[in-house]
Amino acid sequence: MSYTKAEEDYLEAIYLLGGNGGRVQSVAVANHLGVSKPAVHMATNDLAKKGLIEKERYGDLSLTREGLAVAEEIYGRHTLLKQ
């Protein structure tokens, strides 16, 4: 499955901020990406519908197993491109 650049950015941010798979608050993702909290809300709803993240009450986000695998692949690809 292919993902948009924005979806990749959100998955990578959750991956990095959550310590490679832990929980992260949506406000931290907003700050990291320089976007609004409503933008994070909309984007993460879409990622949750695709089964890539889980959204908890009060804005906590975490990657599913599938989401973690996708995020690791994205992070690896981005790291390689930066080198």
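This is a predicted model: local features need pLDDT of at least 70, side-chain atom pairs count only at pLDDT 80 or more; totals for chains, interfaces and linings use all residues.

Trainee: Let's start with Ser62: why is Ser62 called buried?

Mentor: Its relative accessible area is 7%, and buried means under 20%, so Ser62 gets that label. Ser62 is found in strand β3, residues 60-63.

Trainee: And which residues does Ser62 touch, leaving out those up to four places away in sequence?

Mentor: Gly22, Arg23, Leu52, Ile53 and Glu54.

Trainee: What makes Lys5 and Asp9 a salt bridge?

Mentor: The N to O distance between their side chains is 2.9 Å, and the cut-off is within 4 Å, so the pair qualifies. Lys5 and Asp9 are four residues apart in helix α1 (residues 5-17), which means they are separated by about one helical turn.

Trainee: Why does Lys5 count as exposed, while Asp9 is partly exposed?

Mentor: Exposed means over 50%; Lys5 has a relative accessible area of 60%, so it passes. Asp9 has 21%, which puts it between the 20% and 50% limits, so it is partly exposed.

Trainee: How do you know that Glu8 forms a salt bridge with Arg77?

Mentor: Their closest N and O atoms are 2.7 Å apart, and the rule asks for within 4 Å, so that's a salt bridge. The pair links distant parts of the chain, with Glu8 in helix α1 and Arg77 in helix α4 (residues 65-82), 69 residues apart.

Trainee: Is Glu8 buried or exposed?

Mentor: Glu8 is at 14% relative accessibility. The limit is under 20%, so Glu8 counts as buried. Arg77, at 31%, counts as partly exposed. Glu8 and Arg77 are also linked with Glu73 in a network of salt bridges.

Trainee: What makes Arg23 and Glu56 a salt bridge?

Mentor: Their side chains meet at 3.5 Å, N to O, and the limit is within 4 Å, so the pair counts. Arg23 lies in the loop between α1 and β1, and Glu56 in the loop between β2 and β3, so the pair ties together parts that are 33 residues apart in sequence.

Trainee: Why is Arg23 called exposed?

Mentor: Arg23 has a relative accessible area of 53%; the label needs over 50%, so Arg23 gets it. Glu56, at 35% relative accessibility, counts as partly exposed.

Trainee: How many salt bridges are there by this rule?

Mentor: The count comes to five.

Methods:
Residues are numbered from 1 along each chain as its sequence is written. Side-chain values use heavy atoms; hydrogens and water are left out. Helices (H or I, at least four residues) and strands (E, at least two) are DSSP runs, numbered from the N terminus. Buried means under 20% relative accessible area, exposed over 50%, partly exposed in between (1.4 Å probe, protein chains only). Contact means heavy atoms within 4.5 Å.
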